[in-house]
Amino acid sequence: MFQQPKVLITRDQIRREIARLAAEISRDYRGKQPLLIGILKGSFVFMADLIRQLQLPLEVDFVKLSSYGSGMETSGKVRVVQGLKTLVKGRDVLVVEDIIDTGLTISFLMDYLRRKKPASLKLCALTDKPSRHRTAVNIDYLGFTVPDKFIVGYGIDWNEKFRHLPDICFID
Ligand code: 5GP
């Protein structure tokens, strides 16, 4: 049985880190109109906070992926269950992800998007667990490196619970 989530990264730390990321992204994409693609459902809170700090004209879309894994780990066999409504070809695409664990999910999505011929393709991740990577992942904009713990809160769930927690937490 899980215990109550414990705070790993506070809402204040998150706010400051997003301000830093947003300043960097705004500078790098100056003069462009990027398409930000979030991965549902976990990235929706991060996306909402990030875009409100960006000093850019931008568009937002979401994809929903499913992994055939069971329990807490991904199997690496990923498929798109809800695709994009926006044309990716020729766009400056920035993928917004909540958490990179083995890296298999994001690698699948980056390959999927690359085949759609965007003008550019980059990745912004709120958290990363480098000790868990099973494939090379290039994160262009990273918020926090986290230890090998099960993360919840700030949009991220365990069995649909805990998404509403304002801090990034972990459960044992
Ligand atoms: P990966 O393919 O990188 O192993 O897994 C990425 C996905 O697995 C994330 O988008 C997330 O849905 C889930 N995941 C990985 N680590 C965690 C974690 O610590 N907590 C939660 N709630 N989900 C995780």
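Does asparagine 159 count as buried or exposed, and at what relative accessibility?

The views below show a predicted model, in which local features need pLDDT of at least 70 and side-chain atom pairs count only at pLDDT 80 or more, while totals for chains, interfaces and linings use all residues. Residues are numbered from 1 along each chain as its sequence is written, and side-chain values use heavy atoms, with hydrogens and water left out.

View 1. Asparagine 159 lies in the loop between β8 and β9; strands are DSSP runs of E with at least two residues, helices are runs of H or I with at least four, and both are numbered from the N terminus. At 53% relative accessibility, asparagine 159 counts as exposed. The term exposed applies over 50% relative accessible area, buried under 20% and partly exposed in between, with a 1.4 Å probe and protein chains only. The phi of asparagine 159 is near 50°, a positive value in a residue other than glycine. Tyrosine 154 is found in the loop between β8 (150–152) and β9 (168–171). Tyrosine 154 also has a positive phi, about 50°, although it is not a glycine, and is buried at a relative accessible area of 5%.

**View 2. The crossing of helices α1 and α2.** The axes of α1 (residues 11–28) and α2 (residues 44–51) come within 9 Å and cross at roughly 60°. Axes are lines fitted to C-alpha atoms, for helices over the stretch in contact, and angles run from 0 to 180 degrees between N-to-C directions. The two helices α1 and α2 are therefore oblique to each other; angles under 35 degrees count as roughly parallel, over 145 as roughly antiparallel, 65 to 115 as roughly perpendicular and the rest as oblique. Ile18, Leu21, Ala22 and Ile25 of α1 make the contact with Phe46, Asp49 and Leu50 of α2, where contact means heavy atoms within 4.5 Å.

View 3. The peptide bond from leucine 40 to lysine 41 is cis, with omega near -5°. Lysine 41 lies in the loop between β2 (35–40) and α2.

**View 4. Serine 66 in strand β3.** Serine 66 lies in strand β3 (residues 59–67) and counts as buried at 18% relative accessibility. Leaving aside residues up to four places away in sequence, serine 66 touches Lys77, Val78, Arg79 and Val81.

View 5. Cysteine 124 is buried, with a relative accessible area of 0%, and cysteine 169 is buried at 4%.
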